[in-house]
Amino acid sequence: MPNFSGSVKLKYVKLGYQYLVNHILTFLLIPIMVGIVIELLRLGPDEIYEIWSSLHFNLLQVLCSSFFIIFIGTVYFMSKPRSIYLVDYACYKPPVTCRVPFATFMEHSRLINSANPKSVEFQMRILERSGLGEETCLPPANHYIPPKPTMEASRGEAELVIFSAIDDLLKKTGIKTKDIDILIVNCSLFSPTPSLSAMVINKYKLRSNIKSFNLSGMGCSAGLVSIDLARDLLQVHPNSYALVISTEIITPNFYKGNQRAMLLPNCLFRMGAAAILLSNRRRERRRAKYRLVHVVRTHKGADDKAYRCVYEEEDPQGNVGISLSKDLMVIAGEALKSNITTIGPLVLPASEQLLFLFTLIGRKIFNPKWKPYIPDFKEAFEHFCIHAGGRAVIDELQKNLQLSAEHVEASRMALHRFGNTSSSSLWYEMSYIEAKGRMKKGDRVWQIAFGSGFKCNSAVWKCNRTVKAPTDGPWADCIDRYPVFIPEIVKL
């Protein structure tokens, strides 16, 4: 007997199954329609006219039927959620003067931590395996030895990254600041008074009746929390524009101690920001880049381990920093599993949902040791934007979701070029896909972000029009060099 697995192209069997299940209604309707057409041809015009004449209508029935159809149509369109469009977005590109090559970072680390060479060695090992490149940037205050995390310097970084991103966005879209109805700013670790949203209102002289929100302490997934908040506000405020700013201010968060769990953010986080313009105006439909399809948020904060896995605290010497737990990847995996359970039925084709259901039933009834079926999310999305929190995060999601190297290319290259830019990293990845000319009309994009709390949030976008490779933006001067090969270890 020949080996079935070797002799049959199982890949094509699966493709045939997917096509059959996903188009089952079409296959059922075609024979019915063909039967009706054949029957009409067999009857002939005289018999058809006789059947029509036998039907009796009166004016009251016609009016009632018409009213009922109009009523149902009105209720449907009134209850249908408003479409939310992403008109455009802009990412901050740091100047070359803020660049931190590996040699510079390590020299500063040795000078700052001269009394503790083990901490320096630990940071070097992290940097070697981080996936970051030589062109990531830190704010000016972090270039001093030792760094100067003053309030003035922190505000200076916030003004630089936020105002630059907004200026680029306003230039791209051509909208006036007085047209902005909703403002949402998210920054996890820097929360001054007045707030960052008030800083934006003051700079751009926004309207006095603007609905402004400032989100803090929500971690790297706060960008999608802001998108979700903007969506809810746009559902109840018609004909509006919403400006969303996602950033993380690095200046005040440099850790000066020697605790390894708290040194990791120093090695991974870099400066960045993104400004996003959303709207529910119908006239924006034609020029908008994307339409928001779904936002799914998962919060595991009820679990103590999940709550404390990313935790701001003081070390024994009184130095404040962000402590990253060893259980972080396990907790992130559990949060992703919960998020996938919710988003799967919303986005997966029927073929994948049936395979998952059959496997689940088989494990429950026949054999619990059956390998669980992992849905093929490549059938639901053309592009994936995974939060560039670190190489381990991207590796784990690529493995769990069975993605190809090309699917995670945007995430790896964004991490290499810009580092972990927190909540704005998803937009640097989206910009990479556009800069490569890969974003086509109808393409679906899945953004996945993780954050303290612990949260896993997802957003699904559908491309509204084919996006031409931009001539500006954060990748304009380097996109031809990417993708680059990133070794497992870069010897320093």
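The model is a predicted one.

We start with empty space inside the protein. Rolling a probe the size of a water molecule over the atoms shows where empty space is left. A search of the whole structure turns up 2 cavities of 30 Å³ or more. The largest cavity has a volume of about 40 Å³. Its lining consists of Gly 131, Arg 391, Ile 394, Arg 412, Leu 415 and Ile 486. Two elements, α14 (391-401) and α15 (409-418), each give two or more residues to this lining. By type, the lining residues of the largest cavity divide into 3 nonpolar, 1 polar and 2 charged.

The second largest cavity holds about 30 Å³ of space. Around the second largest cavity lie Met 329, Ala 332, Gly 333, Leu 336, Glu 396, Leu 397, Asn 400 and Phe 450. Here the elements that give two or more residues are α12 (328-347) and α14. The largest share, 4 residues, comes from α12. The lining of the second largest cavity divides into 5 nonpolar, 2 polar and 1 charged.

The helix α14 gives residues to the lining of the largest cavity and to that of the second largest cavity, and we turn to this helix next. Which residues of α14 are buried? They are Arg 391, Val 393, Ile 394, Leu 397, Gln 398 and Leu 401. These residues cover an arc of only 165 degrees around the axis, so they lie on the same side of α14. The elements that cover the buried residues of α14 include α12, β9 (383-386), α15 and β10 (444-451). Among the buried residues of α14 are Arg 391 and Ile 394, which also line the largest cavity. Leu 397, another buried residue of α14, lines the second largest cavity. After α14 comes Gln 402, which has a positive phi, near 55 degrees.

Where is Glu 284 found? Glu 284 sits in the loop between β5 (273-279) and β6 (290-299). Is Glu 284 buried or exposed? Its relative accessible area is 4%, and a residue under 20% counts as buried, so Glu 284 is buried. The side chain of Glu 284 makes a polar contact of 2.2 Å with the side chain of Tyr 241. A polar contact of 2.6 Å joins the side chain of Glu 284 to that of Arg 287. When neighbours within four places in sequence are left aside, Glu 284 is in contact with Val 87, Tyr 241 and Ser 279.

Notes. Residues are numbered from 1 along each chain as its sequence is written. This is a predicted model: local features need pLDDT of at least 70, side-chain atom pairs count only at pLDDT 80 or more; totals for chains, interfaces and linings use all residues. Side-chain values use heavy atoms; hydrogens and water are left out. On a 1 Å grid over the protein atoms alone, a cavity is a set of points where a 1.4 Å probe fits but cannot get out, and a pocket is an open set with protein on both sides within 12 Å along at least five of seven lines; lining residues have an atom within 4 Å of a point. Grid points are joined across faces, edges and corners, and a volume is the space filled by probe spheres set on the points. Ala, Val, Leu, Ile, Met, Phe, Trp, Tyr, Cys and Pro count as nonpolar, Asp, Glu, Lys and Arg as charged, and the others, Gly among them, as polar. Buried means under 20% relative accessible area, exposed over 50%, partly exposed in between (1.4 Å probe, protein chains only). A polar contact is a pair of N or O atoms within 3.5 Å; within protein, one must be able to donate a hydrogen and the other to accept it, and residues adjacent in sequence count only if both atoms are side-chain atoms. Contact means heavy atoms within 4.5 Å. The arc is that of the directions from the helix axis to the C-beta atoms.
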